[in-house]
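Please open the model in a viewer and keep the selection panel at hand.

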Amino acid sequence: MVSEIKVEVIHKETIEPSSPTPHHLKKINLSVFDQFQSEIYTPLLLFYPSTSDEGNIDHKSLFAEKSKLLKRSLSEALTHFYPFAGEFVYNASITCNDHGAAFLDAQVNCPISKILEKPDFEVLNQFLPTAIESKQAEAGYILLVQASLFECGGLAIGVSILHKVADASTLSAFIKRWAAIALGLASTTDHVEFGVASSLFPPLDFFSSPQFSIILSNKNCITKRFVFDASKIAALKSKAATTVPNPTRVEVVSALIWKCIIQASRSKLGVIKPSMWCPVVNMRKRSPQGLAENILGNFVWMFAAMSMDSEVKFESLVVKLRKGIEQYKEKYPNGVTGEDIFQAIKGSGNLAERDDLETNTCSSWCRLPLYETEFGWGKPSWVSTRSSFKNTIMLMDLSDGEGIEASVTLKEEDMTIIESNEELLAYASLNPTVI
């Protein structure tokens, strides 16, 4: 039972950078891409099984040692990623004043297997140091970490970071550096530079004005986990290859989920409503600037694929997704600029609030090396993220690097239809065990 599982915070402290931030780095302006993001906390959970099967092990003492290592290495990592220890000035800048990051120690009244047998997002919330919907004024920090000890000696590390300051790529880079420091593998010559994005893509006054707001709804929403193993993805790719050359994992999984969402909407409404699928694009791979690959903060945009067809076919949606990214490349051959974003917002308004259009946002974390995150007690057995906002889909690699786990957030009434969709269940398992 969900109510039986309790995660109790037993200690909380502030971790400051091991070295003070130099005076000339005390303020980092946001880029236009940072400004555009919602003020929410991006969640990341990493679960590590117990490293010992012996019953006489003092798990609490081992946990204390692990917690001490995590805190010490986090302090060093914050010296490199110093904005994460600062304070956020709404849609303008980060004051890099070494305020620090929060670190919570917690204990769980069950073994890790109870969580991994059938993950429950309500329970998983307890492993995060702050709610996804939190504002920085409420959370008190840009970065928060929670280390939770299971009865068996297993460990969960929950990370919450303000989305205004970091996208998934930046968060992954931070986690990688933090783990390398913990293992003693971080090079002193490795250089991390913030502020590049704001110089290339300066902030716009419009995004700091009352006229601009992004309203995300999570009312009556529920998140479910659908897992596509490698063989099922191969079958989907084979099916899509009749219309698109070399379809990707993300394209075929996205197309199938999109199709099921459209069908659920039409089943509920009884009418054909235009449906938009908006994949988030990591522009580091698509920008000609020489520094683009190393840009930290937020450097993502999105393109849109639209379906208004009376008959919805999986293959046709794959084609629409492929055409969408090709049109994006044609429209922005030199990358997206702040003015492009301003014009897009001005022209479309808040798409999520439009009644005449169904908008779905999809963010893929596939290929980020999160399953390689090792602090000294092995690699994680499960890595998870999610959103809690309507019509948001998060894609994550499985531990084998081939399958995909999709966290899908929809209105409860839509999810009831989706989770019994026979075509979806022919390719995906609904919340299977992790172990």
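**Cavities and a helix**

The largest cavity has a volume of about 90 Å³. A cavity is a set of points on a 1 Å grid over the protein atoms alone where a 1.4 Å probe fits but cannot get out, and lining residues have an atom within 4 Å of a point; volume is the space filled by probe spheres set on the points, which are joined across faces, edges and corners. This is a predicted model, in which local features need pLDDT of at least 70 and side-chain atom pairs pLDDT 80 or more, while totals for chains, interfaces and linings use all residues. Residues are numbered from 1 along each chain as its sequence is written, and side-chain values use heavy atoms, without hydrogens and water.

Select Ile-28, Asn-29, Asp-34, Leu-296 and Gly-297, which lie nearest the centre of the largest cavity among its 16 lining residues. Helix H7 gives the most to this lining, with three residues (helices are DSSP runs of H or I, at least four residues, and strands runs of E, at least two, numbered from the N terminus).

Next, select helix H2 (residues 59-80), the source of four residues in the lining of the second largest cavity. That cavity holds about 60 Å³ of space.

Finally, select helix H10 (residues 314-331), where Phe-314, Leu-317, Val-318 and Leu-321 are among the buried residues (under 20% relative accessible area; exposed is over 50%, partly exposed in between, with a 1.4 Å probe and protein chains only). On the other side of H10, Glu-330 and Lys-331 are exposed.

Key
On a 1 Å grid over the protein atoms alone, a cavity is a set of points where a 1.4 Å probe fits but cannot get out, and a pocket is an open set with protein on both sides within 12 Å along at least five of seven lines; lining residues have an atom within 4 Å of a point.
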